[in-house]
Structures are given as structure tokens and as C-alpha cells.
Amino acid sequence: MDFLNALILLLNYIFVPALAYGSQLAIGAIFVTLIYGILRFANFATGDMMSFGTMIAILFTWHFQSIGLTLGFLPTALLAIPFAILIMGSYMLIIDKFVFKYYRLNKSPPVQLAMVSIGVMFVTQAVVRIIIGPSDRRFFDGEKFLIKASEFKDITGLNEGLAIKSTQVITIVVTIILVSILFWFLNKTKTGKSMRAYSDNEDLALLSGIDPKKIVIITWMIAAILATIGGVLYGLDKSFKPFTYFNNMLPIFAAAIVGGIGNPFGAFLGGYVIAFSEILLTYAYKKFFMYVLPESMEPDGLIQLLSTDYKFAVSFSILVIVLLYRPSGIFKGKIL
Amino acid sequence: MPFFEGKNMTGGYGKGPDIINSCTVNVERGEIVSILGPNGAGKSTAMKAMLGLLNLKSGSVIIDGKDISKLSPQDRVKEGISFVPQTKNVFAGMTVEENLEMGAFLVNDYYKNVIDEIYNLFPILSEKRKQFVGELSGGQRQQVALGRALMIKPSVLMLDEPTAGVSPIVMDELFDHIIKVKKTNVAILMVEQNAKQALNISDRGYVLVTGENRYSGTGKELLNDPRVRSSFLGG
């Protein structure tokens with residue numbers, strides 16, 4: 001019985017949250033990796049582009065709620081996503097046309113483009129703060145829990161409850177669908193293959209007649225889909241605060257680099273690697289040991305390796321270790 | 001009038017000095033023509049000029065009687081001119097079959113039978129169709145590069161040092177493949193460092209020196225010309 005309780009405890013506080021958080025990071029990391037692989041620069045505006053997309057989705061959600069349109073037990077934000085993607089995509093194409101295009105046509109070095117993206121990051125951040133403000137916002141509605149901790153306890157008779165939030169399930173389901181469609185697109189369709197070819201060898205892609213303008217537009221559209229969905233899922237699960245989104249850039253970059261930058265599948269798995277490491281290292285294991293160890297050996301402290309305040313240190317350490325010992329990532333990407 | 005011709009081409013990269021001066025190169029269908037010469041003679045540059053990778057100050061490029069001097073490289077590909085660069089000539093992170101499919105990017109209709117033709121030409125590629133090209137040997141990679149270029153069913157195939165960095169045995173094998181391609185009525189223009197072997201399989205050759213035509217003639221003539229022998233073929 002105690003062993004089961006310990007297991008449920010880990011599931012409830014580590015496995016399920018890490019799976020949801022990992023999915024959110026994975027979507028962001030695929031965004032980073034696609035931009036890096038195809039447009040060839042590290043996009044520092046990632047976090048703020050996600051926050052822009054989420055902001056648009058929130059505005060639509062509020063509008064739908066004000067006219068009484070909801071999705072019942074599902075969050076209204078899901079209905080807002082397609083509209084938000086359209087606006088996000090236009091925003092990205094406008095930025096590309098007025099900012100990135102110039103540097104791309106001049107064949108600027110990637111570092112220069114990365115610096116330019118920092119400029120885009122500041123502007124996007126400011127736009128978001130002007131429109132919706134810097135404060136914390138919750139825009140979740142609908143049924144909050146799929147299984148409540150108390151219900152779980154009643155059904156199983158265990159001490160520990162397993163709570164599964166509907167946002168966690170939505171996150172995981174949406175991620176699986178989105179990533180499957182993306183990989184199908186990249187590996188099976190002609191356009192997707194031409195994007196991979198362009199990322200692999202730009203000159204040869206041009207000689208094969210692949211149109212770079214089309215590739216750039218499609219890349220930004222996919223980026224808009226990823227940024228908006230990833231941002232909304234994170235915001236639904238936790239809350240929307242522009243500064244948090246900006247901060248999330250670190251674990252997202254770490255995930256993309258761990259997986260091998262330029263490799264979408266690596267980025268996908270990298271998201272989970274980072275999420276699980278962060279949560280495993282910052283969880284307080286006291287209760288877990290109380291279940292599995294005999295009473296005489298009960299721990300005194302919290303048995304927490306790192307305070308949760310240091311969770312960014314985890315991604316940062318992984319980033320440094322990977323760059324030192326395996327700069328091409330777990331799955332071979334481009335060497336930075 | 002030759003099928004594909006670069007006439008009196010003069011030009012260089014960007015705003016730099018002229019690398020080729022009034023250089024003329026032409027090739028007929030079903031013919032192999034080699035461009036030879038010492039390092040820095042402008043061999044590759046002449047070829048790139050014909051592909052449109054650099055702007056000509058004067059001179060013209062003509063295919064089948066049509067002046068294409070002003071077209072971009074992509075538009076020249078649509079005219080049936082295929083190019084195999086010297087380096088980075090495959091998509092290393094994609095499979096053999098995907099490389100061939102990318103070669104057919106501009107072909108809108110059914111191209112599966114073209115892939116089968118390529119597999120007949122290069123049987124080894126058929127065995128390795130699902131493998132990543134980055135995992136293949138140098139000679140096999142060159143075959144993928146040739147295969148990719150052949151996917152548009154080109155009338156002109158340009159090869160920039162197809163045998164650079166492969167062993168002599170593989171080189172002979174590649175030359176055999178190039179002869180096979182020639183027999184499908186393609187005009188082949190290549191730049192080669194291995195001058196003797198290249199002239200052996202070539203119908204004609206040009207020797208460029210400092211961007212100008214120095215000698216030209218059939219492969220045999222050049223091989224037997226004492227001046228060419230002493231300066232480029234090592235006696």
C-alpha cells in the first residue's frame with residue numbers, strides 16, 4: 001500500500017506535470033529549431049512571440065465570452081486559437097518583411113540576425129505590455145479537473161490523490177496531434193521535404209528550383225502555429241504573464257540545443273528532457289521517502305536537491321554541459 | 001550552331017576583377033566536353049557563368065538558339081540545364097530517394113518512372129534508397145549527385161570536378177557512369193583536374209589559361225599535342 005502511495009505521489013507531482021510542461025517546451029523548442037534550421041538564426045524573440053500569440057488568443061477569448069460563446073467543459077481559448085494564429089502569422093510576416101528580410105538578402109552572419117531578433121523581442125514585448133499589460137492573467141474556463149485528488153482517494157482508498165487537470169490532458173493531446181501533423185508534413189509532403197532540403201543545403205536547393213520565398217513564408221506560418229498553440233497551452237495550464245514567457249526562452253533554447261539544433265524530433269524530445277530534469281531536481285522527496293522507508297529512517301529535511309527558485313539553473317547547466325561535451329546535441333543537429 | 005554555347009564571356013565575381021576574358025565554350029547533345037587548365041585559370045568560373053551564378057560584363061549564353069544570358073540560375077534549370085557542384089552536391093541529411101525527389105522539384109507530373117530510370121543507371125542507389133546520403137561512400141554520393149541532377153531530364157549536364165577526392169578505381173567507375181549518361185543524348189560539360197583521364201573519355205576539350213581559351217580540339221588531339229602535354233599533362 002505504501003509503495004502504491006509513493007508511486008501515486010510521484011505520478012501526481014512529477015510525472016504528469018512534467019509531461020505537460022515538457023510538451024509546452026517541446027512546441028517552443030520545435031519553433032526555435034525550425035527557425036534556426038531554415039532561416040539560420042537563433043530567434044531570441046521566441047518567448048515574446050509566444051506571448052504575443054497568447055495575448056491575441058486571450059483577447060479573442062474575452063470577446064467570445066462576452067458574446068456568450070463557450071465550448072462547454074473545454075476552455076474557450078481553444079476556439080480562439082485559429083484566429084490568433086492568423087493574426088500571429090500576419091505579425092510574423094510583417095516583421096519578416098520589414099526587419100529580417102533585409103538581413104537575409106544581404107546574407108548577414110547569423111550572429112547579426114540573432115541580435116536583430118533581440119530587437120524584435122524588445123518591440124514585441126513592449127507591444128504586448130501596451131495592449132494587455134504586464135500583470136498575471138488567467139483565462140481558463142470550463143471544467144478544471146478531469147480527476148480530482150479527493151475523488152481519486154475515494155475511488156482507490158489510497159492516502160495519496162492523483163489530480164489530473166483538464167489543461168494537462170489538453171496540452172498532451174494537442175501536442176501529440178500537432179507534432180504528428182508537423183512530422184508528417186516535413187517527411188511526407190513535397191513542400192515539407194523541400195523545407196528540409198533548403199535547411200540541409202541551401203545552394204543545392206536553389207539549384208533544384210526550390211523557391212526560397214515560399215519556404216520562408218511557410219516557415220513563418222508554421223512558426224505562428226507553434227508559437228500560438230504552445231503559448232496558449234502554457235497559459236491555460238499555468239497563467240499568462242509576459243515576463244514568464246520571456247523567461248521560458250531559456251528552457252526552450254536548452255531543449256532545442258539538447259535535442260540537436262535544427263533537428264525537430266530532437267527538439268521535441270529535448271523539451272521532455274528539460275522538463276523532467278527541472279522537476280525531478282527541484283521536487284521535495286520527503287513524503288516519498290516517508291512512504292518507502294521504515295519509520296526509523298524517516299528523513300528530517302525536505303530532501304530537495306534544489307529550491308524551485310533555481311529551476312532555471314537546471315536548464316542552464318544542461319545547456320552548458322551539452323555545449324561542452326556534445327555540441328551537436330543528443331540527436332545530431334548542426335554544430336553551433 | 002552548337003546546342004549550348006557560352007560566347008565571348010567576360011566577367012568575375014561581384015565587383016572584383018575579371019576572371020574570364022572573352023572565353024568561348026560550346027557543347028553538342030550527346031557529347032562530352034572537358035574544360036581543363038591550371039589552377040586559377042577560370043575553369044569553374046566559366047562553367048558558373050554559363051549557369052548564371054555570376055554576371056557577365058559581355059558575351060552571351062545560348063541554348064538551342066535561345067539567348068539565356070539574362071536568366072537567373074533557377075530559370076536556366078527550367079531550360080533543362082542541370083549542374084552538379086564540386087562540393088556539397090547532395091542533401092546529406094535526406095535519403096537517397098528524397099534527394100532524387102528534390103531533383104525533380106520542378107517536375108510537376110509523374111516522376112516515379114524517372115526515379116526508376118536513375119536506379120537502372122546507378123543500381124547501387126536502388127539498394128540504398130532508404131539510407132541517408134551522409135552515410136554513403138564518396139563514390140556513391142557522387143552518383144546521388146549525378147542522379148539528382150538527371151531528375152529534370154536535362155539536355156545539358158554540367159559537372160564541376162566530379163572525381164575530386166575519390167580513389168582512382170571509383171574515378172574510373174564514375175567516368176563510366178558519365179559515358180552512360182552521355183549515351184542518353186545529354187550534352188555534358190565538365191571541369192576536371194584529372195586531365196588525362198578526362199580527355200580519354202571526352203569528345204572535345206578546352207584548355208583555359210588566365211581566363212582565355214588557349215588550346216582546343218578533340219580529346220585525342222589535345223592528348224597528343226606536345227604543348228598541352230608538357231604544360232598540363234606532365235610530359
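**Working through the model**

Mentor: Start with Val77(B), which lies in helix α2 (residues 73-78) of chain B. Helices (H or I, at least four residues) and strands (E, at least two) are DSSP runs, numbered from the N terminus. This is a predicted model: local features need pLDDT of at least 70, side-chain atom pairs count only at pLDDT 80 or more, and totals for chains, interfaces and linings use all residues. Residues are numbered from 1 along each chain as its sequence is written, with chains lettered from A and ligands numbered from 1 in the order in which they are written.

Trainee: Is Val77(B) buried or exposed?

Mentor: Val77(B) is buried, with 23 other C-beta atoms within 10 Å. Buried means 20 or more such atoms within 10 Å, exposed 12 or fewer, partly exposed in between, with C-beta atoms placed from the backbone.

Trainee: What does Val77(B) touch, not counting residues up to four places away in sequence?

Mentor: Leu207(A), Gly209(A), Ser82(B), Leu106(B) and Ile152(B). Contact means C-beta atoms, placed from the backbone, within 7 Å.

Trainee: New topic. What is the strand order in the open sheet of chain B?

Mentor: β2-β1-β4-β5, with antiparallel pairing. The edge strands are β2 (20-27) and β5 (66-67), each pairing on one side only. Strands pair if DSSP finds at least two bridges between them.

Trainee: How many bridges join β4 to β5 in chain B?

Mentor: 2 bridges. Ile63(B) stands opposite Lys66(B) in β5(B).

Trainee: And α9(A), why is it largely enclosed?

Mentor: 19 of its 26 residues are buried, so the rest of the structure largely encloses α9(A).

Conventions. Contact = placed C-beta atoms within 7 Å.
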